[in-house]
Amino acid sequence: MISTRTFRWIYVGLWTLRICFALLGTGYIHPDEHMQNGEVTSGDLMPYHTIRTWEWSAVLPVRSIVPAFATTGIPVWFAKVLSSEKFCAGTVMYLMKLKTLLDYSLMSLVPTPSARRPGLLLLASSHVMNTFQVRPFSNSIEAVLISLSLLFLRKMRSVKILDKSYYVHLLAITFVTGIFTRPTFLIFGAPIAFQVALGTWLRLVVPPLFTAAGTCTAFLVADTLYFRGTLDDIVVTPFNFLMYNFASQNLAEHGLHPRWLHVFVNLPMLFGPWITWLAVRAIVDSASLFNKKNDKSFEVDVLRPTIIQMIILSLSVLSVQPHQEPRFLVPLLLPIIVLIANTGQLAHVGKAFWVSCSIFNFVLAVLFGILHQGGVVPSLFHLHPLVANASLGTRTNIIYWKTYMPPLHLLGVNERDVATGLVSFVDLAGASQDDFAASLSADDYDRTFLVTPVAMRYTLPPAITGCMELNQTIFPHLDLDHISESIDAGVLDGLRLGLYTLSRNCVFV
């Protein structure tokens with residue numbers, strides 16, 4: 001068993017690593033980490049030009065504004081009050097404090113110190129904590145709310161009847177918040193609600209229903225006023241979310257995947273094959289213990305079947321949908337580690353387990369936290385001082401090609417400059433070379449900046465490359481969507497993003 005002193009040093013080291021990934025990690029996992037949160041709140045609170053994706057359409061909004069403002073909105077608001085543009089670090093640190101609730105929840109959900117220590121190390125060393133959980137994904141917020149729900153369930157089961165009501169009220173608020181954050185919270189939270197219904201008297205359940213109704217009303221009013229400006233047409237974002245995702249043609253636009261992807265690919269990729277195997281063993285071993293008592297405490301007995309039901313139910317329901325992304329399973333991280341820790345399996349693993357887990361998680365953390373699309377966000381910081389003099393009359397055009405959608409709030413361009421035509425922004429995403437050339441021929445600005453992977457320059461004809469002057473290269477930038485082009489460009493150029501200035505004297509045809 002690991003000593004207390006050794007545990008503390010390792011845990012502090014892992015927390016230091018988490019802070020480094022949060023503050024210095026340039027990786028861009030998925031556009032939703034910005035477009036579902038910071039891009040919207042910054043556009044509302046700051047005078048910046050931003051992109052509002054389809055999810056925030058006033059016609060059919062599928063995202064509640066409340067979770068976004070409760071996460072990135074608060075630090076952005078403080079930055080506005082302090083007249084500071086340096087709100088990125090503040091946002092990151094605020095999210096870090098929010099995500100410490102996962103560590104706190106695990107400490108409370110695993111009561112035995114000998115099991116708690118390896119459980120905390122397993123959680124802190126997970127690449128999910130260094131990537132997804134330090135970004136404002138709605139899935140990350142959902143994971144925090146699930147961990148709090150499990151914590152309240154344990155607290156409720158371990159106190160006297162008169163004290164249960166307090167935690168049932170907290171669960172009611174958490175459940176409503178979770179549903180408005182992501183309606184998939186219902187799937188993860190259903191087993192918790194079932195356990196609450198089993199162990200709570202009717203007179204204790206009814207009052208929290210009014211609490212839930214009040215919380216729901218607050219969300220409805222906030223969303224309706226935000227999207228409509230009046231309460232005449234109520235906006236129910238969870239209902240809109242479900243209706244959108246039940247339409248197969250909508251899912252096809254985001255990509256269709258085989259039904260087995262969550263179980264056989266996404267789950268092992270997020271948590272590692274060893275953790276996945278231990279979770280399967282814990283489920284199988286626990287199947288024979290459901291109908292008889294053992295030497296574990298009562299609250300652990302409640303947690304074990306609840307977590308097992310959560311894992312099976314969420315994987316089953318989410319696998320029905322043909323659109324399956326790894327981040328959809330992020331809320332399962334803490335429940336799985338709690339299940340493994342409380343079954344005592346971590347006491348029997350050896351050094352090979354910890355070494356292999358550490359290597360796996362470090363490699364994935366570097367891949368998603370630093371390398372993947374790692375040049376997009378830094379490129380915006382490089383461009384900011386270059387376009388800062390737009391108000392002096394220099395008409396500037398910015399083109400992004402073959403990259404993820406850049407979060408424009410990090411560019412810091414005033415909406416007024418875009419409206420008056422002083423600054424223009426074009427996101428060509430994965431457009432063909434012909435469409436790319438056509439966008440250049442239509443350019444009529446004093447200067448044009450092009451941001452694209454250096455590898456893509458090798459695919460362009462001389463008529464275009466001869467007009468591209470390299471302004472800045474950003475390393476690293478791993479483009480997994482164009483692997484062959486990156487390999488052909490070589491190791492160095494294949495891992496760089498280029499910021500080019502286009503000559504005005506060229507004619508693109």
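Hi everyone, let's start with a pair of charges: R182 forms a salt bridge with E142, and their closest N and O atoms are 3.6 Å apart. A salt bridge here is a side-chain nitrogen of Lys or Arg within 4 Å of a carboxyl oxygen of Asp or Glu. The pair links distant parts of the chain, 40 residues apart: R182 sits in the loop between α8 (161-181) and α9, and E142 sits in helix α7 (residues 138-157). When I say helix, I mean a DSSP run of H or I with at least four residues, and a strand is a run of E with at least two, all numbered from the N terminus.

Before I go on, please keep in mind that this is a predicted model, where local features need pLDDT of at least 70, side-chain atom pairs count only at pLDDT 80 or more, and totals for chains, interfaces and linings use all residues. Residues are numbered from 1 along each chain as its sequence is written, and side-chain values use heavy atoms, with hydrogens and water left out.

Back to our pair. Are R182 and E142 buried or exposed? R182 is buried, with a relative accessible area of 5%, and E142 is buried as well, at 0%. The cut-offs are these: buried means under 20% relative accessible area, exposed means over 50%, and partly exposed lies in between, using a 1.4 Å probe and protein chains only.

Also, D32, E325 and R327 are joined into one network by salt bridges that share partners.

How many salt bridges does the rule give? The count comes to nine. In general, side chains of opposite charge can pair when their charged atoms come close. Another one to find on your screen is between R63 and E55, with 3.2 Å from N to O. R63 is buried at 8% relative accessible area, and E55 counts as buried at 4%. Now look at D44 and R52, whose closest N and O atoms are 3.4 Å apart in their salt bridge. Here D44 is partly exposed, with 33% relative accessibility, and R52 is partly exposed too, at 39%.

Next, two residues in helices. Q195 is in helix α9 (residues 185-199) and is buried, with a relative accessible area of 8%. What does Q195 touch? Leaving out residues up to four places away in sequence, Q195 touches L153, R157, V302, P305, T306 and Q309; contact means heavy atoms within 4.5 Å. The other residue is L303, found in helix α15 (residues 298-320). L303 is buried, at 2% relative accessible area. With the sequence neighbours up to four places away left out again, L303 touches L109, L150, R154 and N342. L303 and L150 are 153 residues apart in sequence, yet 7.5 Å apart in space from C-alpha to C-alpha.

Now for the sheet. Five strands form an open sheet with mixed pairing, in the order β2-β1-β3-β5-β4. Two strands pair if DSSP finds at least two bridges between them. Which strands are at the edges? They are β2 (423-427) and β4 (468-474), each pairing on one side only. From one strand to the next, the twist averages 20°; the angles run from 0 to 180 degrees between N-to-C directions, and the axes are lines fitted to C-alpha atoms, for helices over the stretch in contact.

Let's zoom in on β5 (residues 497-502), which runs antiparallel to β4 and is joined to it by six bridges. Along that pairing, T473 stands opposite G498, and Q472 has L499 as its bridge partner. Strand β3 (residues 447-453) is also joined to β5 by six bridges, again antiparallel. There, P453 is partnered with L497. Five of the six residues of β5 are buried, so β5 is largely enclosed by the rest of the structure.

Finally, let's go out to the surface. V221, L225, L231, I234, V236, F239, L242, M243 and F246 form a nonpolar patch there, with about 780 Å² of accessible area together. The elements giving two or more residues to the patch are α10 (202-228) and α11 (237-245). Which element gives the largest share? That is α11, with three residues. As for F246, you'll find this residue in the loop between α11 and α12 (248-254), where F246 is exposed, at 58% relative accessible area.

A patch is made of residues with over 30% relative accessible area and no salt bridge, joining like charges within 9 Å and nonpolar side chains (Val, Leu, Ile, Met, Phe, Trp, Tyr) within 5 Å. The areas come from the Shrake-Rupley method with a 1.4 Å probe, and for residues only the protein chains shown count as cover.
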